[in-house]
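Hi there,

Here is the structure I promised to pass along. Please have a look at it first, and then read on for what turned up.

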Amino acid sequence: MEELYGQYRALLFMLAYQLTGSAADAEDAVQDVLLRHVAYIPNECRNLGLKW
């Protein structure tokens, strides 16, 4: 999880900030995205055609 967070945080933050206009809201959005990612079961992701 830490590696994933470190790898994509800046990009996700930039996108979220552009959408929300608020650093606090952008950080919340980044954390929500990463928590949702962790919650997915790998088999379900494969069924969607996603590669991890």
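**How H1 and H2 meet**

In this predicted model, helix H1 (residues 2-20) and helix H2 (residues 23-39) have axes that come within 8 Å and cross at roughly 130°. That angle is why H1 counts as oblique to H2. The crossing in which H1 passes H2 is right-handed.

On the H1 side, the contact is made by Leu4, Tyr5, Arg9, Leu12, Phe13, Ala16, Tyr17 and Thr20. H2 brings Ala23, Asp25, Ala26, Glu27, Ala29, Val30, Val33, Leu34 and His37. Sorted by class, the contact of H1 with H2 holds twelve nonpolar, two polar and three charged residues.

**A closer look at Glu27**

Is Glu27 buried or exposed? Glu27, which is found in helix H2, counts as buried because its relative accessibility is 17%, and the cut-off for buried is under 20%. Leaving out residues up to four places away in sequence, Glu27 touches Tyr5, Arg9 and Phe13.

**The protein as a whole**

Stepping back, the protein has three helices and zero strands, and its pattern along the sequence reads α-α-α. Of its 52 residues, 12% count as buried. The accessible surface of the protein comes to about 4400 Å², and 57% of that belongs to carbon and sulfur atoms.

Best wishes

Key
Residues numbered from 1 in each chain as written. Predicted model: local features only at pLDDT ≥ 70, side-chain atom pairs only at ≥ 80, totals over all residues. Heavy atoms only, no water. Axes fitted to C-alpha atoms, helices over the stretch in contact; angles between N-to-C directions. Helix = DSSP H or I, 4+ residues; strand = E, 2+ residues; numbered from the N terminus. Parallel < 35°, antiparallel > 145°, perpendicular 65-115°, else oblique. Left-handed = near helix turned anticlockwise from the far one by under 90°. Contact = heavy atoms within 4.5 Å. Nonpolar A, V, L, I, M, F, W, Y, C, P; charged D, E, K, R; others polar. Buried < 20%, exposed > 50% of the residue type's maximum accessible area, 1.4 Å probe, protein only. Areas by Shrake-Rupley, 256 points an atom, 1.4 Å probe, with all protein chains shown as cover.
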